[in-house]
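This report describes a structure for a reader who has not seen it before.

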Amino acid sequence: MDEKDFELLDILDVTRNITHAADKLYMTQSALSKRIKSIEQELGVDILLRSRQGIRFTPEGEKVLEHSRAALREMEKLRRGLDAMRGEVCGTLKAGISVNFSYYRLPDILTEYHTRYPRVRLDIATGHSRELYQKMLDSSLDIAVLRGEYPWDGTQFLLSQENICLIHARKFEGVPLSDYLYIDHHTDVSLGAQMARWRYENGITSDAGNFVVDNITACLEMVQRGLGWALLPEIALDGFDGCIRPCTFENGEPFVRRTSIFCQRDAAALPQVQLFMDLLKQRR
């Protein structure tokens, strides 16, 4: 059964006459009778009784009529809803945002996005980039902001590139790094390898006495309190009251951290996703 069948049943109920119903539907009586028979065969019940006085619905037919009218009402509500949506951005935005970006940049971006497009339902997941990348691979997310390098065959844009910096309290100015505590933090394998390379090239080859915390915020606080030194991305250093030095490798290459937008190919065509990407690019 389809929407035309729902309308057919409604007109049959109004007219209670095959001839009159056929006229209203611009069908021959034969074609209408065949369609009724097809509906009955599809449902496995007789829905009409015919007599010289006209037609009437069987109890099963009355049940079918009840549901077909409900379906017609729902279709009308759907059409009205779609008409109301024209020219307005709505739908669901399923986005994943890396922990650091979500902490330092996301609140302002989401506030502006929601102000502009209040009818979009925001479904935002935050977490480590490696975890969100897996969600992109299994299509659980439409779009993600990830830090680091990941292979991707969908839509991808470089959002920002920031320095990784050596930071320490001012009291350690001029003191060799090997003479006081290195404060490490958990990160992805790629950045961890680059940090190890930088330490090796700068003669910091021993992990003895190192202190490891599970996030950048805790690491920054430890450095701020004069406990030791650390390698942290610029995104975390606004307001840091200490010494900051952008790092370079031995070959002169700057030590940087890239943040990129990853988007599913089909999702890139959705207005709510495209506008979120546009806002991210504007605010970089």
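## The largest nonpolar core

The largest nonpolar core has 22 residues, and L93, I143, F276 and L280 have the most contacts inside it. A nonpolar core here is a set of buried Ala, Val, Leu, Ile, Met, Phe, Trp, Tyr and Cys residues joined through side-chain atoms within 4.5 Å. Two or more residues come from each of β3, α6, β5 (143–147), β11 (256–263) and α10. The element that gives the most is α10, with five residues. Helices (H or I, at least four residues) and strands (E, at least two) are DSSP runs, numbered from the N terminus. In soluble globular proteins, nonpolar side chains tend to be buried together.

This is a predicted model: local features need pLDDT of at least 70, side-chain atom pairs count only at pLDDT 80 or more, and totals for chains, interfaces and linings use all residues. Residues are numbered from 1 along each chain as its sequence is written, and side-chain values use heavy atoms, with hydrogens and water left out.

Leaving aside residues up to four places away in sequence, L280 touches F101, I109, V145, L159 and I261. Contact means heavy atoms within 4.5 Å.

L279 lies in helix α10. L279 has a relative accessible area of 1% and is therefore buried; buried means under 20% relative accessible area, exposed over 50%, and partly exposed in between (1.4 Å probe, protein chains only). With residues up to four places away in sequence again not counted, L279 touches I109, E112, Y113 and R116. Between L279 and D13 there are 266 residues in sequence and 54 Å in space, C-alpha to C-alpha.

Which residues of helix α6 are buried? In α6 (residues 106–116) they are L106, I109, L110 and Y113. Seen down the axis of α6, these residues fall within an arc of 95°, so they line one face of the helix. The arc is that of the directions from the helix axis to the C-beta atoms. An α-helix has 3.6 residues a turn, so residues three or four places apart point the same way. The buried residues of α6 pack against β3 (91–98), α5 (99–104), β4 (120–127) and α10 (271–282). Exposed residues T111 and T115 sit on the face of α6 turned away from its buried side.

Helix α7 (residues 129–137) has S129, L132, Y133 and M136 buried. Down the axis of α7, its buried residues fall within an arc of 105°, so they also line one face of their helix. Their cover includes β3, β4, β5 and β11. After α7 comes S139, with a positive phi near 65°.

## A surface patch

L78, L82 and M85 make a nonpolar surface patch of about 240 Å². Like charges are joined within 9 Å, and nonpolar side chains (Val, Leu, Ile, Met, Phe, Trp, Tyr) within 5 Å. Accessible areas come from the Shrake-Rupley method with a 1.4 Å probe; for residues, only the protein chains shown count as cover.

L82 belongs to helix α4 (residues 59–85). Its relative accessibility is 41%, so L82 counts as partly exposed.

## Positive phi in two loops

R16 is in the loop between α1 (3–15) and α2 (18–24). Its phi is near 55°, a positive value in a residue other than glycine. R16 is partly exposed, with a relative accessible area of 34%.

Y26 is in the loop between α2 and α3 (29–43). Phi of Y26 is near 55°, a positive value in a residue other than glycine. Y26 counts as exposed because its relative accessibility is 77%.

Notes. Patch = residues over 30% accessible without salt bridge, like charges linked within 9 Å, V, L, I, M, F, W, Y side chains within 5 Å. Salt bridge = Lys/Arg side-chain N within 4 Å of Asp/Glu carboxyl O.
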